[in-house]
Amino acid sequence: MFAGLIIFFISAYGRVYNDNNAGEKIINMKRDVISCFVNGCRLALSLKQPQLVENAAVYLWNFHLHIFRDHAGCSSPAKVRLARMLPELVPAFETVLAALQEAGSKDIALMCKICEGLSLSYEHSKAAAKVDEYCKIGVDACTLAGGKPLWVRPLVYISARSRRSSNGKGAVGDNDPLRECMALVAVLTLPEEVVSTSEKAST
């Protein structure tokens with residue numbers, strides 16, 4: 001179902017490439033793709049098919065990976081990409097995350113990625129409370145399931161960065177020694193205007 005949608009999108013993209021209104025048409029097609037992923041996710045949930053709910057989440061994440069990850073695969077995307085992100089994407093990610101939770105998905109790494117996309121979106125709009133909310137969902141899910149620390153590292157980094165930008169300290173989940181170290185590393189990588197060199201030296 002989802003693979004066929006991608007093939008359709010690619011072929012349609014080719015048809016409008018030389019059109020004068022190509023930009024607007026491509027944006028509308030992207031909106032349609034997001035809508036199809038969300039509708040497919042809801043249908044899968046109603047059919048009680050967790051694997052299909054996860055499928056929708058995977059496609060939604062992969063389709064927008066270029067927004068949330070830089071070329072090195074880190075959670076430090078270019079601000080211009082987040083600024084140009086379609087407004088429909090955040091509610092789509094929220095719907096998919098809620099569906100994963102309701103379906104009882106065991107794919108905690110995937111859930112963390114969806115939380116990462118949401119927390120980055122809210123970090124860009126400077127909604128620190130929402131950043132922590134979604135980072136906490138991912139960290140708590142990983143802790144409960146005994147997941148790998150690497151799954152939550154982006155969430156700890158984003159939380160620490162967001163808190164520092166709003167004059168706060170710490171990070172979600174930093175009551176764990178390993179995650180506390182992750183938060184400290186995140187602070188050391190922040191620019192001078194956020195954390196001074198002297199403060200980094202004393203960290």
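How many residues does the largest nonpolar core have?

## The main core

The model is predicted. Its largest nonpolar core has 43 residues. Six of them have the most contacts inside this core: Phe68, Leu89, Phe93, Leu100, Ile114 and Leu118.

Several helices build the core. At least two core residues come from each of H2 (22–46), H3 (50–63), H4 (65–68), H6 (89–103), H7 (108–124), H8 (128–145) and H9 (149–165). H7 gives the largest share, with nine residues.

## A look at leucine 100

Take Leu100, one of the residues with the most contacts inside the core. Set aside its neighbours within four places in sequence. Leucine 100 is then in contact with Val53, Glu54, Ala57, Ser105, Leu110, Met111 and Ile114. Ile114 is itself on the list of residues with the most contacts inside the core.

## The whole chain

Read along the sequence, the pattern is α-α-α-α-α-α-α-α-α-α-α.

How far apart in sequence are the residues that touch? Count contacts between residues at least 6 apart in sequence. Of these, 61% join residues at least 24 apart.

The chain has 203 residues, and 41% of them count as buried.

Definitions and conventions: Residues numbered from 1 in each chain as written. Predicted model: local features only at pLDDT ≥ 70, side-chain atom pairs only at ≥ 80, totals over all residues. Heavy atoms only, no water. Core = buried A, V, L, I, M, F, W, Y, C linked by side-chain atoms within 4.5 Å. Buried < 20%, exposed > 50% of the residue type's maximum accessible area, 1.4 Å probe, protein only. Helix = DSSP H or I, 4+ residues; strand = E, 2+ residues; numbered from the N terminus. Contact = heavy atoms within 4.5 Å.
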